[in-house]
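Work through the exercises below with the sequence and the 3D view open. Try each task before reading its solution.

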Amino acid sequence: MTPMKEDYLKIIFELGGTQKKISNKQIALSLNIAAGSVTEMVNKLVKEELVEHTPYAGISLTKPGILLAEDLVRKHRLWECFLVYKLNYKLQDVDGESELLEHVTSEYLLDHLNEFLGYPTHCPLGYPTHCPHGGVIPDKEGNYEEDSHLVLEAVEDGTKVNIERFIDNHDLLTYLDDLELHIGDKLTVVSHAPFEGPVEIKLENTGEVRNISYKAAHYIFVK
C-alpha cells in the first residue's frame, strides 16, 4: 500500500465514503489534483477491492477499505492531537508531520501514544474525542460516531449552522486562520455568488460578514 493510495482512502473516508457515494470532483478538489489522476487511482483501488465505483454515481469504500481507512485515520489524528496539544504545533502545521508519522507507526507505538494522550477516543479528563481540526478519532475496535458530511457550500441561503470540522489541508487551515474561522463557530449562510463564486456568511457571535471561497466551502463541514 503506497502513501498515495492511503491518502485516497483517508480522503474518501473524510468525505463520507463509508455511507454514500463521493464524486471524482470532490476527491480532486480535496487533494488538489487533476480529475484524470483521480480516475486512474480509483481504478487501481477498485481492482484491489478497496473501493466501489458506480459510473455517474460515485465512489465509496468497501468493507476492507473502511477498515484500512479507519486505521489510517486513527493513527493520523492521534498524532495530530500529540503535536497540537503536547508540542504546541499550530493547527495548519500538523498535517505533514502526522502524514510521515502515521506510515511508520506500529500498533505497539500507537497503543502507548493513545495511553500517553489519556485515551482521547473515550474522552476522560477533559480530552477531546476529536482531532484538532474536528475529525472523530476511531477507537482501537473501530468504534466512533460518524462525522457530519454536509459541506458549507451545499447549505441553503438563510440557514444557521455550526462549524464541525475542516479537511486536513495546510493551505486551507492557513486561509481559515487568516479569516479567524474556528471549529464550533455559529454562523448564517447569507448567499452563494454565481459561477463558483464565494459563499457569504455572517458570524453569530460578532455579526461580522466573511466571504469563503468556493473551494474552501467544500472543505468546511457543518451541522
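Predicted model: local features only at pLDDT ≥ 70, side-chain atom pairs only at ≥ 80, totals over all residues.

Residues are numbered from 1 along each chain as its sequence is written, and side-chain values use heavy atoms, with hydrogens and water left out.

**Exercise 1. The cavity**

Task: Find which residues line the largest cavity, and sort the lining by class.

Solution. 
Step 1. A cavity is a set of points, on a 1 Å grid over the protein atoms alone, where a 1.4 Å probe fits but cannot get out; lining residues have an atom within 4 Å of a point. Grid points are joined across faces, edges and corners, and a volume is the space filled by probe spheres set on the points.
Step 2. Searching the whole structure gives one cavity of 30 Å³ or more. The largest cavity holds about 50 Å³ of space.
Step 3. Its lining consists of Leu15, Gln26, Leu29, Ser30, Val151 and His218.
Step 4. Ala, Val, Leu, Ile, Met, Phe, Trp, Tyr, Cys and Pro count as nonpolar, Asp, Glu, Lys and Arg as charged, and the others, Gly among them, as polar. The lining of the largest cavity then has three nonpolar, three polar and no charged residues.

**Exercise 2. Helix 2**

Task: State which residues of helix 2 are buried and what they pack against.

Solution. 
Step 1. Helices (H or I, at least four residues) and strands (E, at least two) are DSSP runs, numbered from the N terminus. Helix 2 covers residues 24–31 and gives three residues to the lining of the largest cavity, the largest share.
Step 2. Buried means under 20% relative accessible area, exposed over 50%, and partly exposed in between (1.4 Å probe, protein chains only). In helix 2 the buried residues are Ile27, Ala28, Leu29 and Ser30.
Step 3. These buried residues pack against helix 1 (3–14), helix 3 (35–47) and strand 2 (58–61).
Step 4. After helix 2 comes Asn32, with a positive phi near 60°.

**Exercise 3. The pockets**

Task: Describe the linings of the largest pocket and the second largest pocket.

Solution. 
Step 1. A pocket is an open set of grid points with protein on both sides within 12 Å along at least five of seven lines.
Step 2. The largest pocket has about 310 Å³ of space. It is lined by 16 residues, of which Asp7, Leu31, Asp95, Glu99 and Asp168 are the closest to its centre.
Step 3. Helix 1 supplies four residues, the largest share of this lining. By class, the lining of the largest pocket has four nonpolar, five polar and seven charged residues.
Step 4. The second largest pocket has about 180 Å³ of space. Among the residues lining the second largest pocket are Asn32, His170, Tyr175 and Lys215. By class, its lining has four nonpolar, four polar and two charged residues.

**Exercise 4. Rings**

Task: Classify the pair of Phe13 and Tyr144, then look for charges over rings.

Solution. 
Step 1. Rings of Phe, Tyr and Trp (its six-membered ring) pair if their centres lie within 6.5 Å; planes under 30 degrees apart count as stacked, over 60 as edge-to-face and the rest as tilted. The structure holds three aromatic pairs.
Step 2. The ring centres of Phe13 and Tyr144 are 5.7 Å apart and the planes lie at 55°, so this pair is tilted.
Step 3. Phe13 is in helix 1 and Tyr144 in the loop between helix 6 (107–116) and strand 3 (150–151), so the pair ties together parts 131 residues apart in sequence.
Step 4. Phe13 counts as buried because its relative accessibility is 3%, whereas Tyr144, at 23%, counts as partly exposed.
Step 5. Trp79, Phe82 and Phe116 are linked into a cluster by ring pairs.
Step 6. A charge sits over a ring if NZ of Lys or CZ of Arg is within 6 Å of the ring centre and within 35 degrees of the ring normal. The charged end of Lys86 is over the ring of Phe116, 5.4 Å from its centre. Arg165 lies over the face of Phe221, at 3.8 Å from the ring centre.

Notes: Contact = heavy atoms within 4.5 Å.
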